[in-house]
Amino acid sequence: MERTIVQINTENWNCKIPIIINLSSKYTTQLQKPFRPLFMSVPRSSYLYFDKEKIFTHFEPVLKELEINNKNFYLQFNSEPVKWNTPIGVFFDMVCKSTNLPEKMPMSLQINFEKPPKKFIEFENETELYNYFASTFKESCFLLAKSATITQKITENIMANIWNGLKNLSFDEYKRSIQPLEINYKEQSSLAIRILLNKKCIQKTTKPVNQETEELLTLLDIFKDLDLIKEEKLVPMTYLIQGITPDPNTPLAFLSASFSHPDGFLYLIITTLN
Amino acid sequence: MSTGFGVLEWEKFLQDLQVFKKLPWKDTEWTLEDHTDMFPNIKLPGLIFLKTKKWVLPENKKCEQNLTTNLQESKVGKKFDNEEEEKEEEKEKEKEKEKDEDEDDEDEEEKEEEEEILETFSDLDEEEIEDQNTYYQTPLSIEYHILYSSTYSCPVLYFNAYRSDGRTLSQTEIWEIIPQKYRKEFEKETNFHFISRKEHPLLELPFFFVHPCNTSRFMQNYYKTKNYLLSWFSVIGPAVGVKVPSILFTHL
C-alpha cells in the first residue's frame, strides 16, 4: 500500500498542464501586428510565481510599443485572475474542467499590466510567497498531528529544504525534507482538507474515522456535510481531486496520503451545476 | 475537537465575543459581522467575527520637514532602502501635485503653515536633517478583525493597514504599526512565526494575520480567566498597536 501511495504522489508531482499566455485583448488593438504568445508546460503541484521572470522576459519587447512602464503584471483566465498562491492544478480544476464550456487545451491565459483586482495578493518577492507557503504547511502539519510540538519541529532549515524540493519539483527531495517531522499518516488525528465549493474556500476539520462506528470516512461523508446529497443521490455537480474524479466511497485518509499538494492540503474542487 | 488546555471551543468563542464587545472600551468600537449566509445549510464554525477600525500615527516618526516651498514635498533626508520605494514615492508626488493644482483656495493657508514650519526647522543643520530617516507623519487607518480558527481552536487576529490615499501597506511596511518595544523581540524570530499575509477567510481580501500556532501554548497560563478572548487580546492587541484600557482587566 505504501508503495502505491509513493507512486501516486510521484505521478501527481510529475503531472503538467499546458498553458498559452497571450496579451490581454485590451492591448491587441494598439499593436501593428499580433505579438507571439508564450507556450509553457507548468506542474500541477507548483506555483506560476516561479515562472514570473520568464513570462515577463517574453513580453518585455512589446511593452515599449504599448507604453507600459511597470514590471508588475498578473495573469487571468477570461476575467478570473490567477492567484500566485494557488497551486496551478487547483486553479485549472477550478476554472477549466469544472465549467460547462468545452475543455480547452492548452489553458488560455491573458497577461495584464494594470493594477490587479482587490482580492489579489501581490507578492513583492519570493520570500513573501515562501512565508505564505510556510504558514499553510504549518497549518496542515498541525492538523495531521494535532499537537503544537510538530510546529516547533519545523525549523527554518527544514522549511527551506521543503521549499527547494518544491522548486526543483522533486518528490524525493520533498519526502526526505519532511522525514524529520515524522508525520505518521496512519495515526492522523485530523485531515487537512480544503474544499473549493463553487470557488469559495471551506476548510473543514474532519477526522479520518467515524468515532462511533470506527469506519473510515469517505468522500460521501463530506458531501453529506456540505448538503450535496438529496434523496440519497448526489446533486448535479462535478468534483475533482488533482484532476480526477475518485469514487465517492474512497476513504479520505487514502486520498489525503496520496493526493495532497506540497503544502500538505488535499484540495477538493466542487462545482455544482445549477 | 481538541480537549487540551489553552484552546477555545466555537460556542464558547461566540459567548466571549458578546461579552467582549460590550466591555467599556474607551475609544474602540467593535461591530459584529455575521456571514453565516455564505454557506447556508452547512454547519461551519468561524463565520462570525468582530471588527474595529482605528486611526493611528506610526511610532517614532519625525514631523514633515520642509526646505522647499511646497508643503507636500516633504521627504527631505529620506533614505530609500530600494529603488521600488523611491519610484512609489515619486508616483505619490505626482498625484499630489495634481491635487495641488485643483485646490487653489487652500494655498494661502498652507503657505502660512509652511512659514511656521520653516521657522522651526531653520535652526537645524542641513546635514543633521539628511542624516535622519524621516517619514510622513500621516495617520494610518487600521482594521482589526477577530476571527475563529477551527484548525487551532483559538481566536486569530487579522488586520490590514491603509495609508490616507487608500493604499494598503506591504509586508515590509506593516512593521510600522508594531510598537518599537516589540519590534526587537520579533526581529529575533523570523517573519513567518509572527505576521503573515493571507486571504481573509470570509472577505477573501488580502489581510495580515498573527500566526495562531502558539496561542494555545501561552493561553495555558490564563486558564483561570473569565473571558478567554479578553486575556488573549490583552497579549496580542498591544503587539499590533491596540491599547487595552486598564479598566478592562477588572473583567478578567
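**Stop 1: a threonine in a loop of chain B**

Select B:Thr28, which is buried at a relative accessible area of 8%; note that the model is a predicted one. B:Thr28 sits in the loop that joins helix 1 to strand 1 (31-34) of chain B. Next, show what surrounds B:Thr28, ignoring neighbours within four places in sequence: the contacts are B:Thr52 and B:Lys54. Draw a distance between the side chains of B:Thr28 and B:Lys54, where there is a polar contact of 3.0 Å.

**Stop 2: salt bridges within chain B**

Go to helix 1 (residues 10-22) of chain B and select B:Lys12 and B:Asp16, which are 4 residues apart there, about one turn of the helix. The two form a salt bridge, with 3.0 Å between the closest N and O atoms. How exposed or buried is B:Asp16? B:Asp16 has a relative accessible area of 3% and is buried, because the limit for that class is under 20%. B:Lys12, at 35% relative accessibility, is partly exposed.

Now select B:Glu173 and B:Arg167. Their side chains form a salt bridge with an N to O distance of 3.8 Å. This pair still counts because the cut-off is 4 Å. B:Glu173 is buried, at 14% relative accessibility.

**Stop 3: a salt bridge within chain A**

Move to chain A and select A:Glu114 with A:Lys26, whose side chains meet in a salt bridge at 2.9 Å, N to O. A:Glu114 belongs to the loop between strand 5 (107-112) and helix 5 (126-145) of chain A, while A:Lys26 belongs to helix 2 (residues 25-28), so the pair ties together parts 88 residues apart in sequence. A:Glu114 is partly exposed, with a relative accessible area of 42%. A:Lys26 is partly exposed as well, with a value of 36%. Over all chains, a search of the whole structure gives 15 salt bridges.

**Stop 4: an annotated span of chain A**

Select residues 129-176 of chain A. An unreviewed UniProt entry gives this span the feature "domain: Autophagy protein ATG5 alpha-helical bundle region". In the model the span is 85% helix and 0% strand, and its end C-alpha atoms are 22 Å apart.

**Stop 5: where chain B touches chain A**

Colour the two chains separately and select the residues in contact: 29 of chain B and 35 of chain A. The size of an interface is often given as the accessible area lost when the parts come together. Here chain B and chain A bury about 3100 Å² between them, with 58% of it on carbon and sulfur atoms.

How many salt bridges cross the interface of chain B and chain A? The rule finds 4. For one salt bridge between the chains, select A:Glu128 and B:Arg197, whose closest N and O atoms are 3.3 Å apart.

Strand 5 of chain B supplies the largest share, 4 residues. By class, the side of chain B that touches chain A has 12 nonpolar, 12 polar and 5 charged residues.

End by selecting A:Glu139, A:Arg194 and B:Lys198, which are linked in a network of salt bridges.

Terms used:
Residues numbered from 1 in each chain as written. Chains lettered and ligands numbered in written order. Predicted model: local features only at pLDDT ≥ 70, side-chain atom pairs only at ≥ 80, totals over all residues. Heavy atoms only, no water. Helix = DSSP H or I, 4+ residues; strand = E, 2+ residues; numbered from the N terminus. Buried < 20%, exposed > 50% of the residue type's maximum accessible area, 1.4 Å probe, protein only. UniProt positions renumbered as here; feature names shortened; annotations may be inferred. Contact = heavy atoms within 4.5 Å. Buried area = accessible area lost by both parts, 1.4 Å probe. Nonpolar A, V, L, I, M, F, W, Y, C, P; charged D, E, K, R; others polar. Polar contact = N/O pair within 3.5 Å; in protein donor to acceptor, adjacent residues only side chain to side chain.
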